Amino acid sequence: MALIGGAGLSVTFWTLCDSVKQVKEQFKPQLGDIKSTLDSLEPLIKEMAECEKELGGQGEELENLRVEMGEGVELIRKCSKASRLKQYKYGSRLVKLSKSLQRLLGILKVQGIRDVKKALVSVRNIENVVQRIEGNCVIQNNQSEKIQGWCAVPEPPTITVGLDVPLWELKKKLFTDGVSMVIITAPGGCGKTTLATKLCQDAEVKDKFKSNVFFVTVSKKPNLYLIVQELYHGTGGQVPDFQNEATAVSWLQQFLKQTGQNPMLLVLDDVWAGSEFILEKFDELKMSDCKILVTSWSAFPRFGSPYYLECLNDEDAMALFHHAASLGDRSSYISEDLSRKIVERCMRFPLAITVVGRSLCGQPIEIWQKRVLEWSRGSSVLESEHDLLDYLQSSLDALDGEKSLIRECFLDLGLFPEDQRISATVLIDMWAELYGIEDISSIVNLYELASRSLANLVDTRNDNKDGDGYYTEHFVTQLDMLRELAIQQISREPLQQRMRLKIDISGDNFPMWWKEQKYQYLITRVVSISTDEEFSSKWQNLQLPEAEVLILNFQTKYYALPEFVEKMNKLKTLALTSSGTSPAELNNFQLVDSKPNLKRIRLERISFPSISRYPIQLKSLKKISLFMCSIGQGFGNGYIHISEAFPNLVEMNIDYCNDLVELPADLCDLIQLKKLSVTNSHKLSVLPEDIGNLVNLELLRLRCCTDLSELPGSIRNLKNLNLLDISNCFSLKELPEDIGEMCSLEKLNMRQCSRLNELPPSVVDLEKLMEVTCDEETEILWEPFLPYLRNIHIKVVKEDMNLNWLHESHF
């Protein structure tokens, strides 16, 4: 760009500035924008004046700008003399002048920098001036679509609540040395983008990054070409034209190298799962002083440190609702109690609060009361607010195709009662039979849901990092709004066509369709029925011939299986959960007798003796799990004999059964058994002497059986055992003398076996032993044998000495 005639431009510029200062007061709003643009131009005008003599020329763009300024001087002169009747006409022309100046400024930034670079190296600093102009323009005129499209930070909502602490925590995480990428993760509508924009406008952040802040919205189908082009737009530089992805990556590398010479903050907003390739490119090319902030439903743990944004607390939720509903003076007739009920139904979910608040704004109090009444009868917020439903629905749309199984797993979470932690083992049993997947695949699916912020996977014990298939203490929780989403999706199909059927019964009030004998024959595959403490166990008939999974949740001390279970011949998985304070008495268990396809049973807080009143035989049963059940000595004195009732059992899990003193002797006749797990049963003191008869046993877990004092000598006969877990068996004084005969043993977990003073010499024969997990004290016991066990790895775990959990239930 030749700058001949620069002096003429300068004179025109200063004349226009003087005219603006002298204008009448009535045009102050319109001229305020013009003055802001002129203030931004001033550094560049001075730069041009200094280069005038050296370059001696003027290009078309500068001539256009000079002409536009000249016309502006004439317009403002006319404004100063305008009568009151003509003020409106001149006011609109001033607005056009402001926009025209901004448009020419944009052209000047893109074309001017390019030409100046070609013309003279000495004026390269104009580029930095233009970048400062852009930063000023973003602040001074947020209505400019051209500037807004060039990586400008969007304006946060007028009112934001509950973000002060997250903002402080996020800054702390982002500014930590060595952290280059941080992912804000949460379900849609929790305020991720709002938090990111507030961070960009924070005074401390502005001071660090100056105008070197770029905000790019990535969205569902990202395009690397467009992202790189937008970044170049944001600097006012020449926008590259890409021939292929390699060229785009090269330009991105050049951009980061040039721009990253000063501290830079790059926000990648709304990054969807499946867009990892975008993060990979930025991660590979990141500069030392470049910070990248990502907002997403997904956590992307391999790229950066996740920051989990929580829902609002009660106080902030109420404040947001008051603003969204514009209560103000109307709060006098809208009671605080009514507002609180609405907020509670919105589950402290920011998007739901905002949408519902706006829909009720200005409405008569009767509309408010009707909405609350509908919700109290079981209606969902999502049913009344379709915009909110559509927004959350988009998260599920990403789970079509290859991820369709993850979507099905998400919907299954909606089958469980509100505010209940869902045991991972229940889901494992369900999905094994419904979808034919292995236990480890089920856990992977839960991790996938958690990484997409669709669920939370919680391990109540933080020391379970062995990957040994022990998932008893894994639980799934879910935001209530996401649970509502799953339920809404389940309920979309007509009742007679649903794969999943969820029924909530209050007292003896059955659903109307059930009481009226409608749809008695249903083809559903999964049935979940929840009853409360007033339920009398008086069931009405229902035909579920296709049901493969039955989940029963109840609260009463006495409970009876529904009689229609007897005809559920395709039943594969049965899960019974009592949420009462003590184990429930269960009747009608004989209805499951001889079920030809029943493979998995899980009982939680059930009195096992109560189910042994009648003899049963389940030849197809492969797995039984007893969690916090009342078992009694030797499983009671009823009709059930383990080996006869479950002759083909492959896996048996007994967890937190505090009255278990000894295992029944006939358990040793289960010759098909491969996994036996007894954990947190503190009164268990004796194992059957003939446990060595379980010749197919591959896993024996005795974790946290604190009163167990010895292992039977016959354990040496477990030739197929590859994992033995005796961790936290504090009373165990010695290992069997012939333990070395367990020729397949690969893993041994013996941490916190504090009374063990020595190991039997036969451990040198454990040739396949590869991993021993222990503490520092028991590590010493292995030192004499290490020269003979060359493949062994001793894994030392430092223990938390607070052992209050040993004799307390933490569930």
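These questions and answers look at charged residues in a predicted model.

Visitor: How many salt bridges are counted here?
Guide: A pair counts when a side-chain nitrogen of Lys or Arg lies within 4 Å of a carboxyl oxygen of Asp or Glu. By this rule the count is 19.

Visitor: Which helix holds both arginine 340 and glutamate 336?
Guide: Their side chains meet in a salt bridge, 3.9 Å from N to O. The two residues sit 4 residues apart, about one turn of the helix. That helix, residues 336-345, is α14.

Visitor: Is aspartate 429 buried or exposed?
Guide: Aspartate 429 forms a salt bridge with lysine 623 at 2.9 Å, N to O. The pair links helix α20 to strand β16, 194 residues apart in the chain. Buried means under 20% relative accessible area. Aspartate 429 has 1%, so it is buried.

Visitor: Which residue meets arginine 600 in a salt bridge?
Guide: Arginine 600 lies in strand β15, and its partner is in helix α20, 167 residues away. Both residues are buried. The N to O distance is 3.0 Å, and the partner is glutamate 433.

Visitor: Why does glutamate 737 count as exposed?
Guide: Glutamate 737 is in the loop between β20 and β21. Exposed means over 50% relative accessible area. Glutamate 737 counts as exposed because its relative accessibility is 53%.

Conventions:
Residues are numbered from 1 along each chain as its sequence is written. This is a predicted model: local features need pLDDT of at least 70, side-chain atom pairs count only at pLDDT 80 or more; totals for chains, interfaces and linings use all residues. Side-chain values use heavy atoms; hydrogens and water are left out. Buried means under 20% relative accessible area, exposed over 50%, partly exposed in between (1.4 Å probe, protein chains only).
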